[in-house]
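Student: I'm new to this one and would like to learn how to read it. Could you walk me through it, feature by feature?

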Protein chains: 2
Amino acid sequence: MIQKQRPFGELIPYEEALSTLLNEVKPIDRKEFVSLDDAFERVLAYDAESDMFVPPFDRAAMDGFAVKAEDTFEAGKFDPVELKNIGKLHAGKSLEKEIIKGECIQIATGAPMPKGADSVVKVEVTEKEKNLVKIYDPVHPGENVSPKGEDIEKGEIVLKKDVFLTSARIGALAAMGKEKVKVYEKPKIGIIPTGDEVVSVERELKPGQIYDVNSHTLTSVVNKNGCIPLSGNVVQDSIEGLKEEIEKKVKNMDMVLFSGGSSVGDKDVLIDALDSLGEVIFHGIKLKPGKPTLFGKVKDTPVIGMPGYPTSCLNTAQQLITPALRKLSRFPEMAERKTDAILQKRITSSLGRQQYMTVKIENGNAYPVYKQSGAITSMAQADGYFEIPENIELVEKGDKISVILF
Amino acid sequence: MIQKQRPFGELIPYEEALSTLLNEVKPIDRKEFVSLDDAFERVLAYDAESDMFVPPFDRAAMDGFAVKAEDTFEAGKFDPVELKNIGKLHAGKSLEKEIIKGECIQIATGAPMPKGADSVVKVEVTEKEKNLVKIYDPVHPGENVSPKGEDIEKGEIVLKKDVFLTSARIGALAAMGKEKVKVYEKPKIGIIPTGDEVVSVERELKPGQIYDVNSHTLTSVVNKNGCIPLSGNVVQDSIEGLKEEIEKKVKNMDMVLFSGGSSVGDKDVLIDALDSLGEVIFHGIKLKPGKPTLFGKVKDTPVIGMPGYPTSCLNTAQQLITPALRKLSRFPEMAERKTDAILQKRITSSLGRQQYMTVKIENGNAYPVYKQSGAITSMAQADGYFEIPENIELVEKGDKISVILF
């Protein structure tokens, strides 16, 4: 395809591009059951109500003797009360025996309280002699007992629909005996590499060819944000080929990402294909790197044309696609990790474009590692990046900057 | 098992427990090859050297005309030079033709530079008439050309052994055509639930029984930190059963985590089993929740007895086990996300123990959600926790605290 790059429409600010994209993305509604362990870092798709009490029974919170508290009220350090020990209760076992006034039962932490007992005297303040137990310290009713339902009531909604399942929440589901958990499906994201010079890493390069980088960086970003990447073979830059691919993919995918080769000319073919099948919503963002990003829709499925240069593609994936993927998958907002650093080189930026500059950090100093716009190594060696807003032209050496860590 | 809990040895400070444990943990050395996409968020196990140049050839960085720069030196806005167009070069194709003085070749971004050309005049400053091209702007040698090896030199070590593979690094490996990547294996972590009252979530509860919570929270923590969790059936609290299980597991695992039921008595059996098969290194940490943690070694394999209460187990997993897992798996240090908040309730703490208090955050205010030590729901509803150091007894309502987010 040799042709002049079609002029962009008016470039739109990054914030506007992001909100436009987010407006068109609908959170997934398909649900599935997965095993409890597979539910970790998924999104709960129903209010998880407990159909049991946790703990399921009154249980001893200490090793000792289950008693009627009133039998111990007279006990003192030098003046024990004596109770008759009528049995032993292990954790995991229940006992039919009921204690009456003057009796006690030896009990292990976690064992169910026997009938008639209302408290546990801890073993440290007792002395056992055959079937008699001396109690040196009184207890009040309920002391050293975890009552049934103390943690979770039967019928209680323990976790609300749409929460992200952390380790602790997996634990709460386990406590209620949830073997399977209903979560939202992971949205399916089509990743389609294009470009006449682009070939898969499995192949040998012929003269004039380069390897497909963007499918792999996009696959990782899609995985990271709760979606399933489905990448296909490289599609050649023809309108017919692209139209066919779009029609096939929008049927089965929740979003489709086209990743160009290095040629900006590719975008023209994609824009024409999109235009004839659906609508083009924007083309061109005031974002550096990332300007030539294309966004449209075909039959309600968002279709995005990513910039071809690997750094531009990855930067756009992080700034624009990540929030969209997380809205789709219902993941919580990305938590950024930031650190302050002193810039070690003067940076000039393009007025009117939000620019991202990758840096390496050493001992609180930030060193720009930008090579040129195609260089994936500049991002590979960076620890993070900082933003230069649209209206800033210059950041001086020695300025304190806020670095967002990868 | 009904017995008095064996007294702990002297409780050791949390920092000492952590450094002792880390000293005994050796980073994994086993390696494996995985596909490029599966290498995301794994640890590279060799210096990744490029056996090719990236880009592999001099290529056009713009759509336009490949020229000899010296042919354009006389060009001006009102006084173009005319060159003879002798062909077209698409991306992905190479051409045998060589240009000589006075000639040019139309070229697409990403296409290899033809022989004899040293620069590209961008299409915007040209005018084409049949096979003649008017050039309105001079270029210097190398202008608008990405030279072979600009990003990566052949023989260059692009990524060093032991780096964590981020999206950008996956991209760098793709650019070099690495279809398979050598990474460290994920360490295998045995997770063994114990406790006579503990049953798997797949089973129906009988009277006196509770569900196994800790295996599931530990499984999630192990997964999160680059290791493979391998959990087994619940083991009853007998020395013989535990010894058999330990001997079986230390052969195949890089670390073994025992997770008790609620009974602190369980720990006594485990400590005896450990003592007879290997060595006990510490028992009891000045950590709340998390005190009854046990650490030992059997044939060089670290064996850890986790506290039985779900919150204590999970807190210990996050404070103590997470750094150990990450050392094993060679993952980078856990990046904590913090936020400041105003404590809405006065908290008293135990002097002499590092305490962790879970809180919910709303509008910059932190509300403690601690219920009681067994309550997993308190952690499930929390957004994070804050640390109360050993030597602090009281944190006042209205104090600013630093909350570590889950």
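Predicted model: local features only at pLDDT ≥ 70, side-chain atom pairs only at ≥ 80, totals over all residues.

Student: Which strands of chain B does α6(B) lie across?

Tutor: α6(B) lies across β18 and β22 of chain B, and runs at about 170° to β22(B).

Student: How do I read the sheet itself, and in what order do the strands come in chain B?

Tutor: The general idea: strands of a sheet pair through backbone hydrogen bonds, either parallel or antiparallel. Here, six strands of chain B make an open sheet, ordered β17-β14-β18-β22-β21-β19, with mixed pairing. β17 (228-231) and β19 (279-283) of chain B are at the edges with a single partner strand each, so one side of each has no neighbour in the sheet. On average, neighbouring strands of this sheet are turned by 20° against each other, ignoring direction.

Student: In which sense do β18 and β22 of chain B pair, parallel or antiparallel?

Tutor: Strand β18 (residues 255-259) and strand β22 (residues 301-306) of chain B pair in the parallel sense, over four bridges. To find one of these on screen, pick B:S259, whose bridge partner in β22(B) is B:M306.

Student: Now the two chains. How many residues does each chain give to the contact?

Tutor: As background, the size of an interface is often given as the accessible area lost when the parts come together. Here we can go by residues: chain B gives 80 residues and chain A gives 80 residues. On the chain B side, the elements giving two or more residues include β12 (157-159), α3 (214-224) and α7 (376-380) of chain B. The most comes from α2(B), with eight residues. By kind, the chain B side divides into 37 nonpolar, 27 polar and 16 charged residues.

Student: What rotation superposes chain B on chain A?

Tutor: A rotation of 180°, with 0.0 Å of shift along its axis, and the RMSD is 0.1 Å. The two copies are thus related as by a two-fold rotation axis. Look for B:R337 to locate that axis: among the residues of chain B, B:R337 comes closest, its C-alpha being at 3.3 Å. Also, 100% of the interface residues of chain B are interface residues in chain A too, so the copies meet through the same surface.

Student: And which domains does the assignment give for chain A?

Tutor: Domain 1 (12-30 + 185-329), domain 2 (31-54 + 150-184), domain 3 (59-146) and domain 4 (338-405). The centres of domain 2 and domain 4 of chain A, taken over C-alpha atoms, are 42 Å apart.

Terms used:
Residues numbered from 1 in each chain as written. Chains lettered and ligands numbered in written order. Contact = placed C-beta atoms within 7 Å. Nonpolar A, V, L, I, M, F, W, Y, C, P; charged D, E, K, R; others polar. Pairing = 2+ DSSP bridges. Axes fitted to C-alpha atoms, helices over the stretch in contact; angles between N-to-C directions. Least-squares fit on C-alpha atoms with pLDDT ≥ 70 in both. Domains from an automatic or database assignment.
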